[in-house]
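The sequence and structure are shown first.

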Amino acid sequence: MHISFSWQGFALLSALFAALTAILGKLGVAHMNSNMATLIRTVVILMVTAAIISLRAEWQRPAGGNWLGWTCLIASGLTTGLSWLCYFRALQLGPVSQVAPIDKLSVALVVLAGWTLLGEAPTLKGAAGAGMIVLGSLILLF
């Protein structure tokens, strides 16, 4: 059976899984070093991704592309790892109901970066949405 989602469907699933990540992560780091917890999480992600690629027969030689694409993917991997390390440490130290909203400020930062760095057209809807995310995070924090 083949299930097909639009980008919106995958984005909603991402939000659901991110919420579960926060709750399960908070429980998981309660009695474990946050860096070790991040390593365990990373190994699980590697195994699940490898299984999906295998089941879908999507293995391919990582050839081609250009140096910018490779550099950006490597940098993305580094920043993802740093984000996870910081996130799990924050979960270990603080309440999930405050850590997660601060983490989601990344959404507003991405909107801003899309406009300034990627040349995406700013919109009133985008500015209002990003502003509400910032405001909501601040309300939940204070």
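**Helix α1 and its cover**

The buried residues of α1 are covered by elements that include α3 and α4. Those buried residues are Gly-9, Ala-22 and Gly-25, where buried means under 20% relative accessible area, exposed over 50% and partly exposed in between, with a 1.4 Å probe and protein chains only. Helices are DSSP runs of H or I with at least four residues, numbered from the N terminus.

The model is predicted: local features need pLDDT of at least 70, side-chain atom pairs count only at pLDDT 80 or more, and totals for chains, interfaces and linings use all residues. Residues are numbered from 1 along each chain as its sequence is written, and side-chain values use heavy atoms, with hydrogens and water left out.

The end C-alpha atoms of α1 are 30 Å apart, which agrees with the 32 Å that its 22 residues should span at 1.5 Å a residue. The expected span is 1.5 Å times one less than the number of residues.

**Nonpolar core**

The largest nonpolar core consists of eight residues: Ala-22, Val-29, Ala-37, Tyr-87, Phe-88, Leu-91, Val-99 and Ala-100. Such a core is a set of buried Ala, Val, Leu, Ile, Met, Phe, Trp, Tyr and Cys residues joined through side-chain atoms within 4.5 Å. Two or more residues of this core come from each of α3 and α4 (96-103), and α3 gives the largest share, three residues.

Leaving out residues up to four places away in sequence, Tyr-87 touches Thr-21, Ala-22, Arg-41, Val-99, Ala-100 and Asp-103; contact means heavy atoms within 4.5 Å.

**Largest pocket**

The largest pocket is lined by 21 residues, and those nearest its centre are Phe-17, Thr-21, Arg-41, Ile-45 and Trp-84. The elements giving two or more residues to this lining are α1 (7-28), α2 and α3 (67-93). A pocket is an open set of points on a 1 Å grid over the protein atoms alone, where a 1.4 Å probe fits, with protein on both sides within 12 Å along at least five of seven lines; lining residues have an atom within 4 Å of a point.

Helix α1 supplies the largest share of the lining, seven residues.

Ser-34 lies in helix α2 (residues 34-55) and is buried, at 4% relative accessible area. Beyond its neighbours within four places in sequence, Ser-34 is in contact with Val-29, Phe-88, Arg-89 and Gln-92.

Gly-69 is found in helix α3 and counts as partly exposed, at 31% relative accessibility. Its C-alpha atom is separated by 22 Å from that of Thr-42, 27 residues apart along the chain.
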